[in-house]
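Subject: Structure handover

Hi,

Here is the structure you asked for. My notes follow below it.

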Amino acid sequence: MSKELIRLVDCTMAFDGETVLDSINLNIKDKEFLTLLGPSGCGKTTTLRIIGGFLKPSSGDVLFDGVRINDIPPYKRQVNTVFQKYALFPHLDVYDNVAFGLRAQKVPEKEIEARVTEMLSVVSLKGFDRRQVTSLSGGQQQRVAIARALVNRPKVLLLDEPLGALDLRLRKDMQQELKRIQKQMEITFIYVTHDQEEALAMSDTVVVMNEGLIQQIGTPEDIYNEPTNAFVADFIGESNILDGIMREDYVVETFGRRFRCLDKGFAKDEPVDVVVRPEDIDIVPVNEGMLTGTVTSITFKGMQYDVIVDFKGFKWLIQTTDSPVVGDRIGIKIDPDGFHIMPRSKYSGLYGDYSSFSEEYEELSDAEYIPEDEEGALPGGDV
Amino acid sequence: MKTFNRVFTVIVFIFLYIPMIVLAVASFNAGRDIAVWKGFTFGQYGALFRDGVLLPLLLNSVIIAVISSLAATVLGTMAALGIRAMSPRMRRVTMAVTNIPMTNPEIVTGVSLALLFAFLGQVMKINNVMGFATLLIAHITFNLPYVILSVMPKLGQMDPNLRDAAMDLGCTPLQAFFKVIIHEIMPGIISGALMAFTMSLDDFVISYFVYGPGFVTLPVEIYNYTKKPLQPKIYALFTLLFMVILLMMVLMNLLQAKDEKRLRRARGVFGEKEEAKT
Amino acid sequence: MKSRSLATPYLIWMLIFTVVPLGIVVWFAFTDSVTGAFTLGNLARMGTYLPIFVKSLWLAVISSVICLAVGYPVAYYIAGTSPSRQRFFYMLVMLPMCMSFLLRTLAWVSLLEDTGIINNFIRSLGLQPLPLIRNDGAVVLGMVYNYLPYMIMPLYTVLIKMDDKLIEAAEDLGCTPTQVFARVTLPLSVPGIISGLTMVFVPAVSTFYISQKMGSSGTTLIGDVIESQFKAAYNPNLGAALSLVLMAMVLLCVAVMNRFSDGEEVATI
């Protein structure tokens, strides 16, 4: 069982009266790949910067190996960062960029040469030593940034949405490569992203965040299969989220009908949120269906069809290889393991209806709506 | 329309350079009167180099320009760094103060400094307070805004994470400045310094109010001269200075060209989604 | 060490050498030159200088407008050439500004004088010499000549920063080149126009050298009066009062003009 390396205790961060992080508690284990996942503004980058030492929490403690490091500046922490836009030093070539940290620590030149060359091999940039960083492609710069951080043999590597600027296929390759490097070097990776597919693909542990709070911590499978509230259920993959009532263990009632499910432990007649993933719904003839509804739209996605079906005014998403026609009345069938039950939360009722895919779409024609600012790079505090 | 613009521009440039041509021609004139051509000669240039009055004055101007621009560069660069870290309100106030010497008429700046020095002179019981020190102080004061306004855009263009990256890799903030940041803002520092130097070298109005008899700069002396007939040696000096400044501008030009090329290349790589290359 | 504190030496310097001196000007303006007591007398005498203030204002406004009319086409042209040419032109525009403004003005004197170059040429043609100097027109010429680059540069800066796509969009929506200019380019260049006008107006309204050399006794400007108070008549209190009014005038004009821009600081350097 690997030991705990970093612990955040009741960390709160407030800027100009606005609470960006609300009493966060987090344990990060040695050698694990942990991802902070959430939408813009959820506080994930703030958390990362606190661990890196670029921000001091307004209150709470940051512990490294049991030692409180709140007041230790970034240049004294055994942590290195891969920045979102790489932050390579334009006036230095690849070799000098990668060697930068080692030189700052006064490592002898001979050793630097060995370690830099080895690192460039690890990131598949052998022979690039003397290239100017401004002449490299995004993917290459990416790898220089990783090499520059890892060559210092940090205990922890922080990665702030490093793959965002890359082309889709390259991104997928880099995800695999980062995973491979992490396993090979046995370093703790703390990764920040808003892309849930990426988080599920790479992580040992996923921390889902929203509005400065941790919503759920778990393995990718846990997060996907057993979300704890409507926000997580909606953020990860697609979900239909319905209002329901637990009649008794293994029985949930929704849409005026009772269904068998696999969850228990709720109070009798407790109001709950019911999650049904679009891929767990089968389309059947109307007379065989557990519920019936009308198809309102159908989109061909290659791998499957996205079918929007109207059930008593609530729009469901079904992903299927069947292709019904708009206007058809269809029946649906859901197996017991297709239901996931969650207790109600403040997010109940906000998500899960497929009248539109995004919040912004609904607000577009609302003259009163003021869009929130995106979570940009937060001002670096003085150290 | 385009041809009109082009022709018009050429005419305007000729207009701008007429005096230069007149003075350059006059520097080769054997006669004293600019308007009366008396034959071609290098005589004035020779007289210039043998002159014991004009060249020391030029030296004075250069000394003041060099010292004040260096001081303004250091102070101004530090200020630009500090301003970036300020709260928006503080920053607005500071930039407003920075703009004062630039939007104030020069005569008011000169007069206000003269009064300040006179006042300080009374308080500190110094007679004839105007001299090298007052001149230097005045020059530094009006040079500072140019440096700041030159460095700040460069700071803004710089990737804000560079400082964090340097510290992440083990640099103290001071080391981060000298190893990374200064390289990024160097074009701004240099152009600010050059601009300050040029403004200083040619300054007349402000210097006129704060100079003392012990240390006179060239422009001020030329003004005093022009109350009597003008020596032709001055035209030679002017033409020479023109050449020097032209050279400096060409240098600045080349520097800017290099800087722009580098920026364009960097932005081109950052800005777009990449094809899956290597 | 907080980064903010790096600016502290600068702030202290500016406080002592920019803010305090202005305060001293105010103090002198309200002080009697003989008794040292508080007085409004200096300001009261401003009335006698009203014609001079008006003349300074008037000549400065004319010069600014001429600079705009002359400078805009030039800035427009330069902004439309290739980047390497732009740098070249920019350098050409800046170069005169770095050369002795005294000597360049004197060169104009020798061109325009009755016994000057132009008139010598005219006389050689057998014609009567023209009164090209010692009048308001010559002063305006001097101002336009000296301050034209200060107009061209901000205009140029604004014009090159203009997004080509806006022009394309206007053309796409059916505008002729004239309409594109009038409806898109010109309005968007207003910050540059304001900046240029300010940068010409301020020195023009406060100059004393140009009016001395190229004007007549009727073209005494406010700058001349201030200069003489400090150098000849030695009445710094009156001079301070005049300076104060001059500053107020400038601030007023700048504030009025800034109403027309959206407050963006156009970096003209």
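Two residues count as in contact if their C-beta atoms, placed from the backbone, lie within 7 Å. Please keep in mind that this is a predicted model.

Chain B, domains

How many residues of domain 1 of chain B are in contact with domain 2 of chain B? There are 7, and they meet 6 residues of domain 2. On the domain 1 side, 4 of these residues are nonpolar, 2 are polar and 1 is charged.

Chain B, overall form

Chain B has 11 helices and 0 strands. The C-alpha atoms of chain B fill a box of roughly 75 × 60 × 40 Å along the principal axes. Of the 278 residues in chain B, 41% are buried. Take the contacts in chain B with a separation of 6 or more: 77% of them join residues 24 or more positions apart.

Chain B against chain C

This contact draws 65 residues from chain B and 66 residues from chain C. Which helices of chain B each supply at least two residues to the side that touches chain C? They are α1 (2-27), α3 (54-84), α4 (88-103), α5 (106-123), α6 (132-157), α8 (173-202), α10 (218-225) and α11 (233-271). By class, that side of chain B has 48 nonpolar, 14 polar and 3 charged residues.

Chain A, the sheet

In chain A, 6 strands form an open sheet. Their order is β6-β7-β8-β3-β9-β10, and the pairing is mixed. At the edges are β6 (79-82) and β10 (213-218) of chain A, each pairing on one side only. From one strand to the next, the twist averages 20°.

Strand β9 (residues 205-210) of chain A runs antiparallel to β10(A), and the two pair over 5 bridges. For a landmark, go to Val206(A): its bridge partner in β10(A) is Gly218(A).

Best wishes

Key:
Residues numbered from 1 in each chain as written. Chains lettered and ligands numbered in written order. Predicted model: local features only at pLDDT ≥ 70, side-chain atom pairs only at ≥ 80, totals over all residues. Helix = DSSP H or I, 4+ residues; strand = E, 2+ residues; numbered from the N terminus. Nonpolar A, V, L, I, M, F, W, Y, C, P; charged D, E, K, R; others polar. Pairing = 2+ DSSP bridges. Axes fitted to C-alpha atoms, helices over the stretch in contact; angles between N-to-C directions. Buried ≥ 20, exposed ≤ 12 C-beta atoms within 10 Å, placed from the backbone.
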